[in-house]
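Keep the model open as you read.

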Amino acid sequence: TSTAVKQAYVSAMLIKNLKLTAGQFGTHIGYEVVESYLNPNYMLGYLFGYGPFYHTGAKLDYAITDKISVMAGVVNGWDLQYDNNKNKTVIGQIMLKPISELTVILNYAGGNETNPNLGIAEPAGDPKGMRHIGDLVVQYQVSKMIKVGLNVVYGEEKQSEAIPAQVWGGAAGYLSLTPIDGFTLSYRLDYYDDRKQARGLLGVSGGTSNGATVMGHTLTGTIALYGGHFLIRPEVKYDRSNLEVFGTPGDLKKDNLSALIAFTGVY
């Protein structure tokens, strides 16, 4: 059900400015969100596309002032309703809004989630692998017509304390132009580095499989009809990797061009 039900949670205001949320909810990590119609581009970028997507647990959101808010919580790792071991992941966020047009967000999630013991007791001497991810999100509304954004991600995973960490990360830039009401043109440039094979972006070179890097360019038009309740989104995406990543086994290549038109109803 975790693939069919993206979010299912309850929330309540405990006291003024303090909200408790419990259940399965979308991740705070990243510039993009699970609901694709809310993103400037329809197809996910690489930074968000390799997760996490959602968490199951509980979190507290507290608005210190109208310019500063924080979040902290405990969850069952990444993208699982159950926990893959007896350990938990800690999540946190600091959101700053120094002026109305600018939002700066620092996100974190980390815990021992690399041992798939499915909740049973860990044997003596079991390695204590840790997984951490942190990112910076910046959004700036330059004018009514122009919005820019930035996302920088760094993650690392250790299967045990005895081996070096597998690291991954990258950066993405976003530009949205709204020349007239009801039409927005959005461009995303994203770079993703998984050369340490931490998140599964693998490519082939000389018959050998290795971790890869990829650069993506995405251009999206959004036509909003009926007060924004119906969206038509033509999109084209071009990706280029340092290794042969795209295609099918036996017919792999370093670059890929894709296009689509998405029709979305928003209620």
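Start at a backbone oxygen, that of glycine 77. A polar atom of the histidine 55 side chain lies 3.0 Å from this oxygen. The model is a predicted one, and all distances here come from its atoms.

Histidine 55 belongs to strand E3, which covers residues 54–63. Is histidine 55 buried or exposed? Its relative accessibility is 0%, so histidine 55 counts as buried. The cut-off for buried is under 20%. The side chain of histidine 55 also makes a polar contact with the side chain of threonine 27, at 2.9 Å.

Now look at what surrounds histidine 55. Setting aside neighbours within four places in sequence, its contacts include Gly23, Gln24, Phe25, Thr27 and His28. Val75, Gly77 and Trp78 are also in contact with histidine 55. Aspartate 194 sits elsewhere: 139 residues from histidine 55 in sequence, and 23 Å away in space from C-alpha to C-alpha.

Next, move to arginine 233. This residue is placed in strand E14, residues 230–241. Which side chain of opposite charge is nearest to arginine 233? That side chain is glutamate 235, at 5.7 Å. A salt bridge needs a side-chain nitrogen of Lys or Arg within 4 Å of a carboxyl oxygen of Asp or Glu. Arginine 233 has no salt bridge, yet is buried.

Where does the arginine 233 side chain reach instead? The side chain reaches the backbone oxygen of asparagine 39 at 2.8 Å. Beyond neighbours within four places in sequence, arginine 233 is in contact with several other residues, among them Tyr37, Tyr42, Thr220, Thr222 and Ile261.

Asparagine 39 and proline 40 lead on to the largest pocket. With Tyr37, Leu38 and Thr184, they lie nearest the pocket's centre. The lining has 27 residues, and the space amounts to about 620 Å³. Strands E7, E8, E9, E10, E13 and E14 each give at least two residues to this lining.

The largest cavity holds about 50 Å³. Its lining includes Ile29, Tyr31, Phe48, Ile133 and Val153. Helix H1 (46–49) and strand E8 are the elements that give two or more residues to the lining of this cavity. Strand E8 also supplies at least two residues to the lining of the largest pocket.

Conventions:
Residues numbered from 1 in each chain as written. Predicted model: local features only at pLDDT ≥ 70, side-chain atom pairs only at ≥ 80, totals over all residues. Heavy atoms only, no water. Helix = DSSP H or I, 4+ residues; strand = E, 2+ residues; numbered from the N terminus. Buried < 20%, exposed > 50% of the residue type's maximum accessible area, 1.4 Å probe, protein only. Lys, Arg positive; Asp, Glu negative; His and termini not counted. Polar contact = N/O pair within 3.5 Å; in protein donor to acceptor, adjacent residues only side chain to side chain. Contact = heavy atoms within 4.5 Å. 1 Å grid on protein atoms, 1.4 Å probe; cavity = no way out; pocket = protein on both sides within 12 Å on 5 of 7 lines; lining within 4 Å. Points joined across faces, edges and corners; volume = space filled by probe spheres on them.
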